[in-house]
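Dear colleague,

I am handing over the structure below, and after it you will find an account of what came out of the analysis. Please read the two side by side.

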2 protein chains.
Amino acid sequence: MEGLIMNYPLTTTTILEYGNSVYHHKKIITYLPDGTRQEYRFGDLYKRCKKLANALTLKLGITKGDMVGTFAWNHAPHVELYYGISGVGAICHPINIRLTSDQTEYIINNSEDRVIFVDATLVPLLEKIAPLLETVECYVLINAPKDFKTSLLITIHYEDLLEEQSEHFEWPTLNENDASGMCYTSGTTGLPKGVLYSHRSTYLHASNIISPNAGNYSNLDTILLIVPQFHVMAWGFPYLCLLSGSNMVLPSSNLQPDVLIKILQEEQVTKANGVPTIWLGVYDAMKKNPPKEKLALEEYIVGGSALPKSLIEGFEKDFGIKGVQAWGMTETSPLGTVSRLQSLHTHLSDNEKLNIRAKQGTAFPGVELRIMTDEGTLAPADGKTMGELQIKGAWVINSYFKTNNQDGFTQDGWFKTGDVSTIDKDGYMEIKDRTKDLIKSGGEWISSVALESALMAHPKIKEAAVIAIADEKWIEKPLASIVLVNEKDTISDSELIEFLSRDFVKYQIPRDYVYINEVPKTSVGKLDKKEIRRLFAEGKLS
Amino acid sequence: MEGLIMNYPLTTTTILEYGNSVYHHKKIITYLPDGTRQEYRFGDLYKRCKKLANALTLKLGITKGDMVGTFAWNHAPHVELYYGISGVGAICHPINIRLTSDQTEYIINNSEDRVIFVDATLVPLLEKIAPLLETVECYVLINAPKDFKTSLLITIHYEDLLEEQSEHFEWPTLNENDASGMCYTSGTTGLPKGVLYSHRSTYLHASNIISPNAGNYSNLDTILLIVPQFHVMAWGFPYLCLLSGSNMVLPSSNLQPDVLIKILQEEQVTKANGVPTIWLGVYDAMKKNPPKEKLALEEYIVGGSALPKSLIEGFEKDFGIKGVQAWGMTETSPLGTVSRLQSLHTHLSDNEKLNIRAKQGTAFPGVELRIMTDEGTLAPADGKTMGELQIKGAWVINSYFKTNNQDGFTQDGWFKTGDVSTIDKDGYMEIKDRTKDLIKSGGEWISSVALESALMAHPKIKEAAVIAIADEKWIEKPLASIVLVNEKDTISDSELIEFLSRDFVKYQIPRDYVYINEVPKTSVGKLDKKEIRRLFAEGKLS
């Protein structure tokens, strides 16, 4: 039977070509770390991606399947890297700049990055570990002054790299199932795990976020991309903006509330993303110093942590700006659900509506959710029965990089999220608890297990259990409950902070310590975090 | 390198499962030919599709790759057939009910339909040709009264077929590149050609129409599906409504303006589709008898023919309802472009805006357009240089059913549309003329070549050339220019209409005849339609 559909692979290059063809006039605006504003068009992005592709292949010898790291804030060159690297068939690997030196070293060696593109302002973080990096052949410096000094051995300036290249490049034909990008989970207990995304998953993830039930992005929008590009391919936004023809505004390290507000105003931003902590800060700053004119901002989409109801309410009541809750994980590209009201909610009270909007929401087309109870049965969609949230779909991984370990997956092919959730009769998923032992503070994961091990290495400490407690600014923060070897000993908080700072970066270190006589244990002798949380909630830990 | 994305085929079953899982509470409302209103939910659709799947496989012996025809208006069972047939791995083949008996016979024999699902009201059309159908084993009667009489030999009532089946059915795992549906082009010169759609193309086409730059459909919408389901899988709407969670309203044969207006009012329809002729009728009826309350209808999307500027203007000014122009072909699933204003148009005059909205518009993500001049060079995007519109993409065919003929495709893999077009600097495509010799009247194609052959079979006619001329109601209609064998002869219009009615259905037959001394020819001796059109435009044909 002759006659069917053209082979048309869904790749990041398909996205780039579309953006250039239909929306070459749309803008990419960058605020550099020093506050300088740069602007160019999607058409310029396209040409520079082709120059970059030439540089990668001709100058740096990058070939299909090679891993290329980025260590950078959100800015136009970082977007060029997203498209340029995967366009030549290599894998774009944004590295989280907020990890410990040990974690960063591990990730770069594990991923086998051959080249790292690094912001000049972030070079000091890599200088510390460069001698330990086994596969990196070269560092490309982004936004570095001409006379930039560094101990990194082989370096080249990004603009010099591009300058000598042609704007003509024939994109190779790629298989849409090949890898286009990689991110590491930073939240799991144990070592970070690599997660590979395919061209197809990247395309489908981005194109589904555009739809009105999800992000609702169009060529009338100007979007502020606050989520750092080193987080889960920054939720697909550097891709989807080209598909939806939305102007992109990239703030690099300008994430202070007052600066963000200024950018929102000056660029007439209509939509934005970010973790709740960012929006709490923006809200507080706007309350203190209300903008003279109503912002063009219609809504902000939040992921990474639960959006507090008070924030949804405050922003909407005080400034007419809508908060939209989304949910996802590194393993799910990340976006899996979004919470928006439907016509069936029209008759609910404001408070009931708020309760729905604060849920994680309904699944996107392309992913499926289910709740598996502890008894191994499917939970009914009643909004009450809790169990582990499991997910499958067109942008969910089926294994981790370089490992055959299938612990995170069910035998019938679903990914086990480790979140305890419910799904209600209308399909709205709500996360109730976490089966994995993690804390998410200001959008970044902290491993309680790693903190516990480190604390127990202190000579005066016998046992330690770290739990997440609520925090107004960071949503969650770690609290360490400690059992001393000698009950009569004392340790100051500052001593412990100093002690932990050898292995942890600042945001990961608990500021809150309580001393207890014994750590509650489960029947099989594991730390009983649920019990500790209960004690804390009842004021019995302090 | 372990670690990548789950295999998650994009199939019509994926769509059905999603619709049931997230939007089981959404409605499908049918107005039957006799005016009866029926309503059920996506959850009911899902169960009935599973019953149908059981019936198809267990009762009718349908297996993977089998062709199953439908001959029906828009209604819930027809939607069930879309999902049920392709869900079991067979191919859903909606047959245009408006063709001649000869064409219908050819199409059914060519496609090798094993079963045809037919509306009771349409049975007479099939009875005429049933003895000539070589592959049809059985007819399933939809909405037929219990005592329905027909000369069709083996028949079963649709509801009886479903009634005895279980609601449990394990969907087979399908390859997304397998065929899910088929439509025939009815507009080409020569025989109708079969066009196969794959599960993947059907999914991607539907999911891209949802986006705000295209159709902009969400779970807040109620959509009236006017485009008949026997036309190009009715533009993807029976699929996309499940992805977007939009209520569906299906009018069957209730397409008279007054009835449509009543349905729009009663169902609080927010969006609708249709050919311009339908909307011209609705507009005229609303002008004559303005609705007391403003309709909930926000916009109607139009394809099949160019949306007249006067209609865009009138509907918007008089009733605040927006007309949106889209473009596509059977070979392109069909939708390829849509025309909406962007922020760059904000400063234009109303008339300039109207000119842009009347263009065919910009390409969807997933398809690419280009204009090839007569000299074989790519036309610049200047809005002026004309050439043949060519298209490629994820839902464009690469060949016709049962033929290796590649005449319609370029060597580098683009489909040649046969339309003469321009593309402007902002990516807006505009169709200027047609290289293929066709007339589109009220949304249906008419082959001028077929009319010419038929006319020339008349003993008194020496030569005939049929062109499209503008018509207020039908957008286009055929005009036949005739050279008589004997100049002194005369033929009445009614004689010719009678003569043609043996081979053509009513809407295909010209009402306008002019007599000329000779038909203009091109240098190679072909009918020079351009010249005939010019003569007509200048009033020299009458």
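**What was found**

Leaving out residues up to four places away in sequence, Phe536(B) touches Ile467(B), Ile469(B), Leu479(B) and Leu541(B). Please keep in mind throughout that this is a predicted model. Phe536(B) belongs to helix H15 of chain B, which covers residues 529-537, and with a relative accessibility of 31% Phe536(B) counts as partly exposed. Between Phe536(B) and Ser21(B) there are 57 Å from C-alpha to C-alpha, with a separation of 515 residues in sequence.

Leu500(A) is part of helix H14, residues 493-500 of chain A, and Leu500(A) counts as buried because its relative accessibility is 1%, the cut-off for buried being under 20%. Apart from its neighbours within four places in sequence, Leu500(A) is in contact with Leu451(A), Ala454(A), Leu455(A), Ile509(A), Pro510(A) and Tyr513(A). Ala457(A) lies 43 residues from Leu500(A) in sequence, and the C-alpha atoms of these two residues are 10.0 Å apart in space.

**Chain A as a whole**

The secondary structure of chain A consists of 15 helices and 25 strands. Of the 542 residues in chain A, 62% are buried, and of the contacts between residues at least 6 apart in sequence, 67% join residues that are at least 24 apart. The accessible surface of chain A is about 21,200 Å², and carbon and sulfur atoms account for 49% of that surface. As for charge, chain A carries 55 positive and 68 negative side chains, with the centres of the two sets 3 Å apart.

**How the two copies are related**

Chain A is superposed on chain B by a rotation of 180 degrees with 0.0 Å of shift along the axis, at an RMSD of 0.1 Å. The two copies are therefore related as by a two-fold rotation axis. The same surface serves both copies, in that 100% of the contact residues of chain A recur in chain B. Which residue of chain A comes closest to the rotation axis? That residue is Ser211(A), whose C-alpha lies 2.3 Å from the axis.

In chain B, helix H4 (residues 101-111) has Thr104(B), Ile107(B), Ile108(B), Asn109(B), Asn110(B) and Ser111(B) as buried residues. The buried residues of H4(B) pack against strands S3 (67-71), S4 (91-94), S5 (113-119) and S8 (179-185) and against helix H5 (123-127), in chain B. Just after H4(B) comes Glu112(B), which takes a positive phi of about 65 degrees.

In chain A, helix H11 (residues 309-319) has Leu311(A), Ile312(A), Gly314(A), Phe315(A) and Phe319(A) as its buried residues. The buried residues of H11(A) pack against helices H10 (276-288) and H12 (350-357) and against strands S13 (299-302) and S14 (322-328), in chain A. After H11(A) comes Gly320(A), with a positive phi near 65 degrees.

Most residues other than glycine have a negative phi, and most peptide bonds are trans. Asn143(A), although not a glycine, has a positive phi of about 55 degrees; Asn143(A) is in the loop between strand S6 (138-142) and strand S7 (155-157) of chain A, and is partly exposed, with a relative accessible area of 39%. Trp235(B) is likewise not a glycine and has a positive phi of about 60 degrees. The loop that holds Trp235(B) runs between strand S10 (222-224) and helix H8 (237-244) of chain B, and Trp235(B) is buried, with a relative accessible area of 7%.

A cis peptide bond, with omega about 5 degrees, joins Ser333(A) and Pro334(A), and Pro334(A) is found in the loop between S14 and strand S15 (335-339) of chain A. In chain B, the peptide bond from Ser333(B) to Pro334(B) is cis, with omega near 5 degrees, and Pro334(B) is in the loop between strand S14 (322-328) and strand S15 (335-339).

With kind regards

How values were computed. Residues are numbered from 1 along each chain as its sequence is written. Chains are lettered from A and ligands numbered from 1 in the order in which they are written. This is a predicted model: local features need pLDDT of at least 70, side-chain atom pairs count only at pLDDT 80 or more; totals for chains, interfaces and linings use all residues. Side-chain values use heavy atoms; hydrogens and water are left out. Helices (H or I, at least four residues) and strands (E, at least two) are DSSP runs, numbered from the N terminus. Buried means under 20% relative accessible area, exposed over 50%, partly exposed in between (1.4 Å probe, protein chains only). Contact means heavy atoms within 4.5 Å. Accessible areas come from the Shrake-Rupley method with a 1.4 Å probe; for residues, only the protein chains shown count as cover. Lys and Arg count as positive and Asp and Glu as negative; His and the chain ends are not counted. The place of a charge is taken as NZ of Lys, CZ of Arg, CG of Asp or CD of Glu. Copies are superposed by least squares on the C-alpha atoms of residues with pLDDT of at least 70 in both.
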